[in-house]
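Thanks for coming, everyone. I'd like to walk you through a structure that is new to this group.

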Amino acid sequence: MREDDVYPKLTGIFRELFLRGDLVLTPGLTAADVEGWDSFRQVEILLAVEQEFGVKFHTREIDSMHNVGELARMVATKTERLGSAQAGNALGSSPSQVEASISSLPAMR
Amino acid sequence: MNGLYWLPQAEDWNARLLALPGRRPETAWNEGVALANTRLNFVQTNSLDGMLRRALGRAAPGGTRGRPVRLAVLGSCTVAHLLPAIRVAGLRRGIPIEIYEADFGQYWQELANPDAALHAFAPSAILLALDAHHLTAGLDAGMTGEEADAVLDEVRGRIAEAWRLAAAAFHCPVIQQTPLCVHPAMMGNSEHRLPGSKAAFIGRLNAALRPMADRAGVDILALDERAARDGIGAWHDPGLWHRAKQEVSPVAAPMYGDLLVRIIAARQGLCAKCLVLDLDNTLWGGVVGDDGVGGLVLGQGSALGEAFAAFQGFARDLSRRGVILAVCSKNDEANAIEPFEKHPDMVLRRDEIAVFAANWSDKPSNLRAIASELNIGPESLVFVDDNPFERNLVRQQMPMVAVPEVGDDPSCFAQTLADGGYFESVAVTDDDLARTAQYQGNRKREALKASAVDLASYLQSLEMRLVWRRFDRIGLPRIVQLINKTNQFNLTTRRYTEESVAEVMHDSSAFGLQLRLIDRLGDNGVIAIVIGKLQVSGDLLIDSWLMSCRVLGRQVEPATLNVVVSQAQMLGAGRLLGDYLPTPKNGMVRHHYERLGFTVVSEGASGAVRSALDIAGFAPAVTFIGAEEG
């Protein structure tokens, strides 16, 4: 998967987790820029991304990610490695469920 | 598998979630209950919790099904990520839960110090969530047996003292969470021979906690058993332990919350009391009215048959421990009872079923009648049916009835019911053990009265299409199969071979129709067959009309008649003639043609009836089914 293609799904995940339909992701976005992005939310983001894209992050990889751009690049690299056939849904919930839950929300504010 | 897979998928999730904050508290709560009863993952669970809190603010909703609970969570590690799932699991059962979270690892101080915030919160329930790392902190792999035993005694003593302090201060129920077996083994199979093994220690502690808890009147949140079923990897991620000190992974939070609130709900008496079972393809394979008792798949001889028998065994075991059993089946009562009396591999006996509703009225009406006959609320019913149409109808008409997504593999029915936790109980009473007998004593023999619910909106929502075509080579095997196995909805019960079906195909003065019903829930396949033959008189005789009972009550009959009339017109017929030839099995269609507007023209001594319909005066019936050739 190309990095640009990662953003729409990533945006859906962030919007649902932060309950903010107007959230726009840019590569430079960091935890300091988003209200409520604390270490617990960080764990949830990573787990949701793992489920959505069917990838697993290593401890070192997580430590090396500092903004949205690095996260998107990591997802792109990992899904590339997996091959497009296997991408999506490795950890539990069904693809339709993830699809339904993480599809983008309209602006709420 | 730690997702809530027995709950149905949410429909319009995003729109309904976003609408929550704009609603009045009561409405928001009720909509939240509905959303909480769908298959939520951890992200959705957190979203629902967040949105509902926006809607309700600090206001507690009034008139909820369960009593509000003030829950104190005392943990030795991170539990904050589990709290939304606990509140949502409460929501699922109509219990508002307010949570106090003690500071990380401060549970002991909070319990012992009357000035601590815990005491101001005044909990009505306490959860003690002590993790495996915390509980094994005093253990060393090099310890002797005596030293390890001393550690076990010390830990047990500490937990018992926490229970005592909690009970003395708050006089409320205490729930003890069992630690997960998160430690890797050091010896392998013989791990139990290493006194200082942390993995073995957690097993010993969890075994010791049960009798201790029973003596102290404490309930156990059995995470260890759940994780043993799901695999520890579904519950614990060592990476997350190191990163966030989470013993339970956020992914498992929805199941965690549900397990905990099952105990709270059971203490409030909110558990289900009655298991209502469909019959055909739920308790046995096949359709008894069509296949006969001898044709059912049940018991030894096939994997499918054994799976049905095993599910019956599970239902019987539930009834032995106090769950009431009822039957709700679209069948003639005589046909439905026959396997209970005659099939040698039936596990359930007729007298183990407290209410037996086998008739042709819709299932919501029958479920209401079952609840009223048992004098319990419909929210005490759990309804198991292999047919998605029936499951959705019941959910829509009676949202308070639990309807697990059992799928159509009987091998999974029992585990799905168990995983759903519908019959969670905190104790076994003598009453429970005596209940089945008691219901047998009171049972009324009269058949349940038919009554109609408003099905129109449901049928409309199904977006049904009746896709018909003339007989063809591809459809031949299914056509012949349906003609020869359908006994109940079959007007003439004439049997056809492939050759005689082929003759109809090539007869220019006849037509054979195969009709398929497709709806929002899926393709039901070919469900009806009609064969018409033009007579010398110019009348079109309906030689055969048969239909699968699976699609009864869905307006397929009038929609089919519309197609039959248009086909008869193409052959130039002036009237339709329909015969009813009685058999022991087809009493349900005795008045089929009259219901469709036909007039009886002759009755034979054997009970045969011929009816007629004037095509010129025929106005096509208006139904919720769109018919199309395809």
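Start with helix α4 of chain A, residues 68-82. This is a predicted model, so everything I say is about a prediction. The helix has 15 residues. From its first C-alpha to its last it reaches 21 Å, close to the 21 Å expected at 1.5 Å a residue.

Look at how α4(A) begins. A:N67 caps its N-terminal end. A side-chain oxygen there lies 3.1 Å from the backbone nitrogen of A:G69.

Which residues of α4(A) are buried? They are A:V68, A:G69, A:L71, A:A72, A:M74, A:V75, A:A76, A:K78 and A:T79. Keep the helical repeat in mind: with 3.6 residues a turn, residues three or four places apart point the same way. And what covers these buried residues? The cover includes α1 (3-18), α2 (39-53) and α3 (59-64) of chain A.

A word on confidence. Chain A averages a pLDDT of 80, and 75% of the residues score at least 70. Over residues 87-109 of chain A, though, the pLDDT is below 50. That stretch has 60 contacts in the model beyond near neighbours in sequence.

Now chain B. How many helices and strands does its secondary structure come to? It comes to 24 helices and 17 strands. The C-alpha trace of chain B spans about 100 × 55 × 50 Å along its principal axes. The chain has 630 residues, and 57% of them count as buried. Take the contacts in chain B between residues at least 6 apart in sequence: 74% of them join residues at least 24 apart.

One example sits towards the start of the numbering. B:R39 is in the loop between α2 (25-36) and α3 (42-56) of chain B. B:P8 is 31 residues away along the chain, yet the two C-alpha atoms are separated by 5.6 Å. The side chain of B:R39 also reaches the backbone oxygen of B:L7, at 2.8 Å.

Next, helix α8 of chain B, residues 145-170. It has 26 residues and reaches 37 Å from first C-alpha to last.

Just after α8(B), B:H171 takes a positive phi of about 45°. Most residues other than glycine have a negative phi. Here are two further cases in chain B. B:K245 is not a glycine, but its phi is positive, about 55°. Its place is the loop between α11 (238-244) and α12 (253-267) of chain B. B:N375 has a phi near 60°, again positive and again not a glycine. That residue lies in the loop between α16 (363-374) and β9 (381-384) of chain B.

Are these two buried or exposed? B:K245 counts as partly exposed, because its relative accessibility is 33%. B:N375 counts as exposed, because its value is 72%.

Now the sheet in chain B. It is open and has eight strands, with mixed pairing. The order is β15-β16-β14-β13-β12-β11-β10-β17. Which strands are at the edges? They are β15 (599-603) and β17 (625-629) of chain B, and each pairs on one side only. From one strand to the next the twist averages 30°.

Stay at the β17(B) end. β10(B), residues 464-470, pairs with β17(B) in the parallel sense, over five bridges. Within that pair, B:L466 has B:A627 as its bridge partner.

Two helices to point out here. Helix α21 of chain B, residues 476-485, packs on the sheet. It touches β11 (510-519), β12 (522-534) and β13 (539-547) of chain B, and its direction makes about 75° with that of β12(B). Helix α23 of chain B, residues 556-570, lies across β10, β11, β12, β13, β14, β16 and β17 of chain B. It runs at about 145° to β11(B).

Definitions and conventions. Residues numbered from 1 in each chain as written. Chains lettered and ligands numbered in written order. Heavy atoms only, no water. Pairing = 2+ DSSP bridges. Helix = DSSP H or I, 4+ residues; strand = E, 2+ residues; numbered from the N terminus. Axes fitted to C-alpha atoms, helices over the stretch in contact; angles between N-to-C directions. Contact = heavy atoms within 4.5 Å. Buried < 20%, exposed > 50% of the residue type's maximum accessible area, 1.4 Å probe, protein only. Expected span 1.5 Å × (residues − 1). pLDDT = per-residue confidence, 0-100. Polar contact = N/O pair within 3.5 Å; in protein donor to acceptor, adjacent residues only side chain to side chain.
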